[in-house]
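Please read the numbered points with the model in view.

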Amino acid sequence: MADSRPLVDTYGHFIDGRWVDPDAGRYNVLNPATEEPIATAPDASVGQVEDAIVAARSAFDSGRWSALDPAERSRCIQQLSDAMLSRAEEINSLAQAEWGCSANERIIHVEGPAFMVGHAAELAMEPAEAPMDAWGAAGNTLLRYEPLGVVSILTPWNFPHTLNAMKVGAALAAGNTVVLKPSPLTPLAGLALARIIDEETDIPAGVVNVVTPTSVEASRVLTVDPRVNLVSFTGSSAVGRSVMAGAAETMKRILLECGGKSASIVTEDADIDDELLQRLLFEGCTLHAGQACILNSRLLVPDALHDEIVGGLVDAASRTVTGDPSDPDVTMGPLISREHLDRVEEFVAQAERDGATVVTGGARPKHLDKGFYFEPTIITGATADSYIAQEEVFGPVLTVLRYRDDDEAVAIANNSQYGLGGAVWGSDVERALAIARRIRTGQVSINGTIPGDAPFGGFKQSGIGREGGVMGLRSYMEPKAIGVPA
């Protein structure tokens, strides 16, 4: 290993292969479990963000990455994957301290991102061009995919390392250069990734740049600067719309993965056991303290099973161990900030004002006097049109809704501005599949079967475009059709 220093560290910006002192001061990074600073991060002015764009533009235009043999790009990306796996314990410590990753979520936050980058190394070897059947062509048609150029990557605070790695890996596999801007709540994740790239890979200078500004003005440069060709954004739908508007000024390509209010449908023939109840609670409420866009935060159950399922969920919630993620026995960590904790608390209060019932949770844990914690919360008695059933809470709050038949279940599931994920649980797989086909959403699992290396993204206000697999790789590229004489 090139350097034994922990990844929770003091960094500058990473621009053009160099660590650069910030020109706009530094800001504290808090541990959400303790509310104490763990490090400071570099702020950036508009000018410093532009420096990163210039570096990425130069690296792309020079061809020192885009013109490399695909096997060489693949080798460099695989180096990153290997290095991430070798430093898994350091990344786990960072994940616990900066964004509250508990032990039962480690694979999502630590090893999983390394595997994603390893898969990106494989995708880098996908053929860039191939002949295609084309109706009406006088000769032959060659379909070619080319890198877009400079990609600005804007990532959120909930799964920062995972999303940084996924997006950077795909952008690099496609032959692009990158400016990565992580959330100011989790800047160390992006800077640590830059450090691993710098110390342990042969990725050329300027190909990956990382800046961590706090201001809207500096961040917006990455959506409006004409030298940027694609904006890849994951975050709220509200910010996604702003990104889309900024990118439209120069008709940039955009890749948006935004909010969700996904529904999990339990049919009356489902086998209701503790394993299922624990899965429903985790995927709908406690996964990363509910801070996941893919969360199935609406649980749709038939009238006949409502009380049994709710009772089982309350019991399962009582066994959730909430606390500091550095404790291996903890199964749910904190929310990311005081502001976000206040927001989640107000969502629950609004649900009660609207006539819903909090059957368990609904408050800050009394035994924890520090940290941004909120109890696993189950809400019943809400209507499908209510605020709690329509808006993304982004906290450990599961809303249980009743339905009468499959048609009503599908109607409730589709009664949303979002369409990111979803699930169906039942003994009759063909019936579950028929329901899944009718749900207007990007991904649906049946009886816990998560789609494999498949396109990830959403319908409606859950986003535009897809990530993952070959289709995701092509999202970072432009197709070109070439007519070749026979």
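1. E257 belongs to strand 11, residues 253–257; helices (H or I, at least four residues) and strands (E, at least two) are DSSP runs, numbered from the N terminus. E257 counts as buried because its relative accessibility is 6%. Here buried means under 20% relative accessible area, exposed over 50%, and partly exposed in between, with a 1.4 Å probe and protein chains only. An unreviewed UniProt entry lists E257 for "active site"; UniProt positions follow the numbering used here, feature names are shortened, and annotations may be inferred rather than shown by experiment.

2. A word on the basis of these values. This is a predicted model, in which local features need pLDDT of at least 70 and side-chain atom pairs count only at pLDDT 80 or more, while totals for chains, interfaces and linings use all residues. Residues are numbered from 1 along each chain as its sequence is written, and side-chain values use heavy atoms, with hydrogens and water left out.

3. A polar atom of the S462 side chain lies 2.6 Å from the backbone oxygen of G259. That is a polar contact, meaning a pair of N or O atoms within 3.5 Å; within protein, one must be able to donate a hydrogen and the other to accept it, and residues adjacent in sequence count only if both atoms are side-chain atoms. Beyond four places in sequence, S462 is in contact with L256, E257, C258, G259, G260, Y418, G419 and L420.

4. For K460 the angle is about 50°; K460 is placed in strand 20 and counts as partly exposed at 39% relative accessibility. For M251 the angle is about 55°. M251 lies in the loop between helix 9 (237–248) and strand 11, and at 65% relative accessibility M251 counts as exposed.

5. P376 occupies the loop between strand 14 (357–360) and strand 15 (377–380). With a relative accessible area of 9%, P376 is buried. Residues touching P376, not counting those up to four places away in sequence, include C285, T286, A317, M332 and P396. The C-alpha atoms of P376 and A363 are separated by 8.7 Å, the two residues being 13 apart along the chain.

6. How many aromatic pairs does a search of the whole structure find? It finds four. The rings of W157 and F394 have centres 5.5 Å apart and planes at 85°, so this pair is edge-to-face. Rings of Phe, Tyr and Trp (its six-membered ring) pair if their centres lie within 6.5 Å; planes under 30 degrees apart count as stacked, over 60 as edge-to-face and the rest as tilted. W157, in the loop between strand 7 (150–154) and helix 6 (160–173), and F394, in the loop between helix 13 (387–390) and strand 16 (397–403), are 237 residues apart. W157 counts as buried at 15% relative accessibility, and F394 counts as buried at 15%.

7. The rings of F347 and Y387 have centres 5.3 Å apart and planes at 15°, so the pair is stacked. This pair links helix 12 (residues 338–353), which holds F347, to helix 13, which holds Y387, 40 residues apart. F347 is buried, with a relative accessible area of 6%, whereas Y387 is partly exposed at 42%. Elsewhere, ring pairs link Y11, F14 and W19 into a cluster.

8. The largest nonpolar core has 61 residues, and those with the most contacts inside it are I77, M84, V168, L172, I203, V208 and Y476. A nonpolar core is a set of buried Ala, Val, Leu, Ile, Met, Phe, Trp, Tyr and Cys residues joined through side-chain atoms within 4.5 Å. Helix 7 (residues 187–200) gives the most to this core, with eight residues. A second, separate core of 32 residues includes L341, V393, A413 and I435.

Notes:
Contact means heavy atoms within 4.5 Å.
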